[in-house]
Amino acid sequence: MTSATCRSHRRSFRGGNVFWEEWAPHGGPAHERQRPAVLVHGLADTSRTWNKIAPALARDRRLYALDLPGHGQSSRYDASYDVSWYASLVVEWIRSLGLSDFDLIGHSLGGGIAMHVLLEQPGRVHRLALVAAGGLGLEVAAPLRLASSTGLLDLAAPVLMGLGTNAGVRVLGGNFDEAERRHLVEMNGRPGTARALFRTLRNAVDLRGQREHLLDHAHRLRELPPLAVYWGDRDPVIPVKHAETVHHYVDGAIVRRFPNVGHYPHREAVPEILSELFRFLDEPQRSPRLRPGACPPRAPEEARPSLWRRLAGARLAEVE
């Protein structure tokens with residue numbers, strides 16, 4: 001059985017740097033029998049989150065797992081950090097890799113970003129796998145809703161970010177060993193991380209929950225690629241019911257739940273999710289369809305009333 005090797009890369013983008021890990025079959029291109037795959041991690045995480053499944057997945061395909069901007073060893077940009085901004089940078093990075101046809105796997109925040117990448121790269125994403133993904137429902141853990149609204153995270157000192165990360169991974173699980181916890185503490189303790197995470201949350205979440213849903217944008221696609229959704233039934237961050245409702249609005253999606261698993265199925269249920277991923281990525285799959293009349297759990301941002309929008313509209317009317 002062919003093993004896989006991993007190399008690290010760094011490239012300049014938009015005045016900063018993006019870091020990624022590239023996994024490939026040990027035997028070289030002759031062993032790359034499957035499409036390459038791009039892996040996108042979640043909030044306050046890094047590309048290392050995939051290390052438990054990457055060696056197996058890369059035995060016959062090339063994998064690219066980046067540190068999102070504001071995370072890991074990538075730059076802390078002075079940017080909006082909304083999901084669309086993340087996706088546009090990820091698309092630019094994918095183009096730089098020369099990938100014309102690839103599979104896309106996203107976890108948590110990375111799942112929401114992956115859905116936006118699909119919007120920007122229609123026809124190039126061959127399969128889309130979402131792991132405990134944002135953007136498939138409204139509810140999200142109360143601490144994230146509070147952090148998005150209070151602004152306290154934006155004021156957090158690097159030492160507090162490190163302490164919070166250490167406590168968080170112990171509570172959330174994910175089978176991070178001591179070396180991986182130290183890496184996350186170091187990365188999230190870097191100056192600029194708190195600002196990036198706060199801006200991410202502010203744009204993705206409010207006191208009512210998640211701001212965007214797949215259905216807000218799916219009408220822009222002529223067709224969906226084969227879609228698989230994986231979730232732990234004890235997820236404390238995003239409830240598993242978001243997976244259960246996918247069939248209500250997408251006909252033909254694959255949905256798998258893992259018992260006694262939390263927010264990190266790719267780390268907590270490694271044999272099970274690998275079996276599912278190999279089947280999904282390598283075997284023929286049907287194309288899913290949006291069900292007629294499917295609606296997001298709340299109106300898109302631009303359609304919702306807000307005091308700021310009313311005031312801006314009144315001011316514009318005065319000028320005219």
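The lining of the second largest pocket has seven nonpolar, three polar and four charged residues. Here Ala, Val, Leu, Ile, Met, Phe, Trp, Tyr, Cys and Pro count as nonpolar, Asp, Glu, Lys and Arg as charged, and the others, Gly among them, as polar. This is a predicted model: local features need pLDDT of at least 70, side-chain atom pairs count only at pLDDT 80 or more, and totals for chains, interfaces and linings use all residues. Residues are numbered from 1 along each chain as its sequence is written, and side-chain values use heavy atoms, with hydrogens and water left out.

A pocket is an open set of points on a 1 Å grid over the protein atoms alone, where a 1.4 Å probe fits, with protein on both sides within 12 Å along at least five of seven lines; lining residues have an atom within 4 Å of a point. Of the 14 lining residues, G123, V125, E223, L224 and P225 lie nearest the centre. Strand β6, residues 125–131, gives the most to this lining, with three residues. Strands (E, at least two residues) and helices (H or I, at least four) are DSSP runs, numbered from the N terminus.

Next, the sheet. Eight strands form an open, mixed sheet in the order β1-β2-β4-β3-β5-β6-β9-β11, and its edge strands are β1 and β11. Two strands pair if DSSP finds at least two bridges between them. β1 and β2 pair in the antiparallel sense over 10 bridges, and T5 stands opposite A24 in β2.
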